[in-house]
Amino acid sequence: VADIAHFQLDAPGRALYYTPLDGTGLFRSDLDGGHPRLVTRSVSATTMNGWNLVGGRIWYLSHIDRTPVALSEVDPANGAERIVAQLGVALRSIAFTARPDGKGLILTVLDGDDTDIGAFRLIRRVR
């Protein structure tokens with residue numbers, strides 16, 4: 001497989017999950033051979049690393065353009081999708097990490113509606 005935007009290895013499930021750069025969805029390749037298969041089009045290269053493998057299922061952030069943000073799940077075995085949680089936050093990034101047992105997330109929350117830009121002059125000291 002070439003031109004991969006993001007991937008995760010499912011060692012117990014003997015599979016590699018990945019999103020190709022062309023943005024066509026999320027795929028699964030069995031480590032024991034066979035052809036890659038589409039798992040879902042809900043996750044793609046546009047979400048880059050906004051998805052994680054958690055307990056053999058794919059978790060991803062959806063509805064990120066509004067609050068609440070949805071933490072969604074897709075079951076790779078049958079393609080069934082569901083919302084795991086509604087997060088009443090605005091996000092700086094769709095990248096997140098989940099605990100392997102699915103009982104916790106680490107993500108970047110937007111703590112204000114405005115941003116500041118700083119500029120600094122760097123002066124080299126001669127010693």
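**Salt bridges and an open sheet**

User: At 44% relative accessibility, is Arg99 counted as buried, partly exposed or exposed?

Analyst: Arg99, at 44% relative accessibility, counts as partly exposed, where buried means under 20% relative accessible area, exposed means over 50%, and partly exposed lies in between (1.4 Å probe, protein chains only). This is a predicted model, in which local features need pLDDT of at least 70 and side-chain atom pairs count only at pLDDT 80 or more, while totals for chains, interfaces and linings use all residues. Residues are numbered from 1 along each chain as its sequence is written, and side-chain values use heavy atoms, with hydrogens and water left out.

User: Which side chain meets that of Arg99 in a salt bridge?

Analyst: Side chains of opposite charge can pair when their charged atoms come close. The term salt bridge is used here for a side-chain nitrogen of Lys or Arg within 4 Å of a carboxyl oxygen of Asp or Glu. In this structure the partner of Arg99 is Asp101, at 2.5 Å from N to O, and Asp101 is itself partly exposed, with a relative accessibility of 43%. Elsewhere, salt bridges with shared partners join Arg57, Glu73, Asp75 and Arg82 into one network.

User: How many salt bridges does the structure hold, and which side chains meet that of Glu73?

Analyst: The structure holds six salt bridges. Glu73 takes part in one with Arg57, at 3.3 Å from N to O, and this pair links distant parts of the chain, since Glu73 lies in strand β7 (residues 69-74) and Arg57 in strand β6 (residues 57-62), 16 residues apart. Strands here are DSSP runs of E with at least two residues, just as helices are runs of H or I with at least four, and both are numbered from the N terminus. Glu73 also meets Arg82 in a salt bridge, at 2.9 Å from N to O. Glu73 is buried, with a relative accessible area of 7%, whereas Arg57 is partly exposed at 34% and Arg82 is partly exposed at 46%.

User: In what order do the four strands of the open sheet stand?

Analyst: Two strands are said to pair if DSSP finds at least two bridges between them. Here the open sheet runs in the order β1-β2-β3-β4, with antiparallel pairing, and its edge strands, β1 (4-10) and β4 (37-40), each pair on one side only. From one strand to the next the twist averages 30 degrees, with axes being lines fitted to C-alpha atoms, for helices over the stretch in contact, and angles running from 0 to 180 degrees between N-to-C directions.

User: How many bridges join β1 to β2, and which residue stands opposite Leu9?

Analyst: Six bridges join β1 to β2 (residues 15-20), and the two run antiparallel; Leu9 stands opposite Leu16, which belongs to β2.
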